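Here are my notes on this model, as numbered points. Please keep the structure open while you read.

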Amino acid sequence: MAKALLGYRTATDQRLMLETVELRRRVRDLEGLVARLQKDNDRLRADLRQPEAVAGGVPTIVG
């Protein structure tokens with residue numbers, strides 16, 4: 001599959017070339033989404049390690 005996405009074979013059919021371009025664009029978009037989600041996840045995990053960030057401003061029930 002990687003070879004198909006990277007275009008190792010020369011495509012003479014216009015439809016195949018357009019599909020390859022679309023697939024490359026989709027892969028690039030998904031890689032960007034994964035990177036953004038990983039960054040958000042890392043930030044949220046870091047926030048969980050700081051107790052004041054988790055409980056800051058949140059009312060607690062005592063009793």
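1. Start with E22 and R25. They form a salt bridge, and their closest N and O atoms are 2.7 Å apart. Both residues sit in helix 2. They are 3 residues apart there, about one turn of the helix.

2. The chain has a mean pLDDT of 82. Of its residues, 65% reach 70 or more. Where is confidence highest, and where is it lowest? Helix 2 has the highest confidence, with a mean of 95. Helix 1, residues 2-6, has the lowest, with a mean of 61. Where pLDDT is low, the predicted coordinates should not be read in detail.

3. **A second pair in helix 2.** R36 forms a salt bridge with D40. The closest N and O atoms of R36 and D40 are 3.4 Å apart. R36 and D40 are 4 residues apart in helix 2, which means a separation of about one helical turn. R36 counts as partly exposed, at 45% relative accessibility. D40 is partly exposed as well, at 27%.

4. **The pair at R15.** R15 forms a salt bridge with D13. Here the closest N and O atoms are 3.2 Å apart. Is R15 buried or exposed? R15 is exposed, because its relative accessible area is 64% and the cut-off for exposed is over 50%. D13 is partly exposed, at 28% relative accessibility.

5. **The salt-bridge count.** How many salt bridges are there? The count comes to 4. Among them are E22 with R25, R36 with D40, and R15 with D13.

6. **A nonpolar patch.** L30, L33 and L37 make a nonpolar surface patch. Its area is about 240 Å². L30 lies in helix 2, which spans residues 14-48. L30 is partly exposed, with a relative accessible area of 37%.

7. **The fold and its surface.** Which elements does the chain contain? There are 3 helices and 0 strands. From the N terminus on, the order is α-α-α. The chain has 63 residues, and buried residues make up 0% of them. Its accessible surface is about 6,100 Å². Carbon and sulfur atoms account for 59% of that surface.

Note on methods. Residues are numbered from 1 along each chain as its sequence is written. This is a predicted model: local features need pLDDT of at least 70, side-chain atom pairs count only at pLDDT 80 or more; totals for chains, interfaces and linings use all residues. Side-chain values use heavy atoms; hydrogens and water are left out. Patches are made of residues with over 30% relative accessible area and no salt bridge: like charges are joined within 9 Å, nonpolar side chains (Val, Leu, Ile, Met, Phe, Trp, Tyr) within 5 Å. Accessible areas come from the Shrake-Rupley method with a 1.4 Å probe; for residues, only the protein chains shown count as cover. A salt bridge is a side-chain nitrogen of Lys or Arg within 4 Å of a carboxyl oxygen of Asp or Glu. Helices (H or I, at least four residues) and strands (E, at least two) are DSSP runs, numbered from the N terminus. Buried means under 20% relative accessible area, exposed over 50%, partly exposed in between (1.4 Å probe, protein chains only). pLDDT is the predictor's confidence in each residue, from 0 to 100.
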